[in-house]
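The sequence and the model are shown first.

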Amino acid sequence: MACRDMFSSMEPLPCPTFEDAFTALENGDADLAMIPIENTLAGRVADIHYLLPLSRLKIIGEYFMPIRFQLMVMPGVKAEEIRTVHSHIHALGQCRKIIRSNGWKAVVAGDTAGAAKLVSEKGDRSMAALAPRLAASLYGLDIIAENVEDSEDNVTRFVVLSRDAVDLKRTSDDEHFITTFVFNVRNIPAALYKAMGGFATNGVNMTKLESYQIGGKFIATQFYADIEGHPEDAPVKRALEELRFFSEKVHILGVYKAHAMRGKF
């Protein structure tokens with residue numbers, strides 16, 4: 001759905017896993033990849049933070065999509081017949097209220113559309129799926145409850161990946177850019193505090209900072225960050241220089257224009 005919204009002239013290529021999507025792009029089977037990276041209710045999509053730094057791919061754009069889940073069943077099935085609800089783990093987490101209030105068992109599926117396909121293929125009247133509206137029409141299911149997500153402020157942020165970085169230049173002060181990077185600070189006291197100080201003193205807004213362990217060691221921490229601004233902007237340039245001084249490695253994953261919906265959620 002995100003692909004259709006942002007790139008209506010291109011044909012979506014479905015992949016079983018995020019890793020398969022990365023591979024398809026790296027091998028040239030796809031021109032771009034549309035990858036969910038975080039959700040306002042379920043948080044970050046953990047796999048992506050590991051896959052991105054290991055790949056040769058670059059972030060060239062972002063897209064914010066409001067998420068609406070429909071409860072779908074085999075034709076003619078009533079809500080009281082449902083025993084299990086199938087969907088992606090993040091979708092189940094975003095629809096806890098309806099699942100708990102009805103006492104249904106949540107069953108994790110590979111993805112939301114795959115859950116709808118499973119319900120259709122099994123033909124089991126006790127099974128339901130949580131998926132976008134499009135899945136019901138694709139797999140011949142009935143929607144018996146609409147927009148069942150726990151909150152209306154349910155938005156997923158996608159990043160658009162490419163094999164090649166886009167050399168974006170600032171042409172106007174009104175343009176809003178996002179720079180995404182990962183870094184490992186030097187193993188010295190207060191290294192993270194000092195590394196972050198350059199963004200504060202230069203007035204650069206950091207919209208995201210997350211840490212996760214790498215290499216199977218609790219002392220080896222990698223940080224993932226989003227900042228507002230372009231690396232050629234003087235404040236950002238100075239902040240990145242200070243970051244590099246206190247870091248063992250800084251790797252920019254992408255410089256891209258902020259989506260119009262950024263800041264509205």
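M65 is buried, with a relative accessible area of 9%, where buried means under 20% relative accessible area, exposed means over 50%, and partly exposed lies in between (1.4 Å probe, protein chains only). This residue, M65, lies in strand β3; helices (H or I, at least four residues) and strands (E, at least two) are DSSP runs, numbered from the N terminus. Between M65 and Y212, which are 147 residues apart along the chain, the C-alpha atoms are separated by 26 Å.

The model is predicted, so that local features need pLDDT of at least 70 and side-chain atom pairs count only at pLDDT 80 or more, while totals for chains, interfaces and linings use all residues. Residues are numbered from 1 along each chain as its sequence is written, and side-chain values use heavy atoms, with hydrogens and water left out.

**Overall architecture**

The chain has 9 helices and 13 strands. Of its 265 residues, 43% are buried. Taken along the principal axes, the C-alpha atoms fill a box of roughly 65 × 40 × 35 Å. An unreviewed UniProt entry carries the annotation "domain: Prephenate dehydratase" for residues 1–163; UniProt positions are given in the numbering used here, feature names are shortened, and annotations may be inferred rather than shown by experiment. Over residues 1–163 the chain is 33% helix and 29% strand, and the end C-alpha atoms are 22 Å apart.

**Salt bridges**

A salt bridge is counted when a side-chain nitrogen of Lys or Arg is within 4 Å of a carboxyl oxygen of Asp or Glu. By this rule the count comes to 14 salt bridges.

| Pair | Closest N and O atoms |
|---|---|
| E62 and R157 | 2.9 Å |
| E149 and R68 | 3.6 Å |

The salt bridge between E62 and R157 links distant parts of the chain: E62 is in strand β3 (residues 58–66) and R157 is in strand β9 (residues 155–162), 95 residues apart. Both E62 and R157 are buried.

The salt bridge of E149 with R68 also links distant parts of the chain, with E149 in the loop between β8 (142–145) and β9, and R68 in the loop between β3 and β4 (70–73), 81 residues apart. E149 is buried, with a relative accessible area of 10%, and R68 is partly exposed at 31%.

Salt bridges that share partners join E38, R44, E62, R157, K208, E210, D226 and R262 into one network.

Which residues of helix α8 are buried? In α8 (residues 191–201) they are A191, A195, M196, G198 and F199. Seen down the axis of α8, these residues fall within an arc of 135 degrees, so they line one face of the helix; the arc is that of the directions from the helix axis to the C-beta atoms. The face of α8 turned away from the buried side carries the exposed residues Y193, A200 and T201.

Helix α9 (residues 234–245) has 12 residues and reaches 17 Å from its first C-alpha to its last, close to the 16 Å expected at 1.5 Å a residue. The expected span of a helix is 1.5 Å times one less than its number of residues. The buried residues of α9 are V236, A239, L240 and L243. They cover an arc of only 100 degrees around the axis, which puts them on the same side of α9.

**Backbone angles**

Most residues other than glycine have a negative phi. N147 is not a glycine, yet has a positive phi of about 50 degrees. N147 lies in the loop between β8 and β9 and is partly exposed at 40% relative accessibility.

A190 is another residue other than glycine with a positive phi, near 65 degrees. A190 lies in the loop between β10 (177–185) and α8, and is partly exposed, with a relative accessible area of 44%. After α8 comes G203, whose phi is positive, near 70 degrees.
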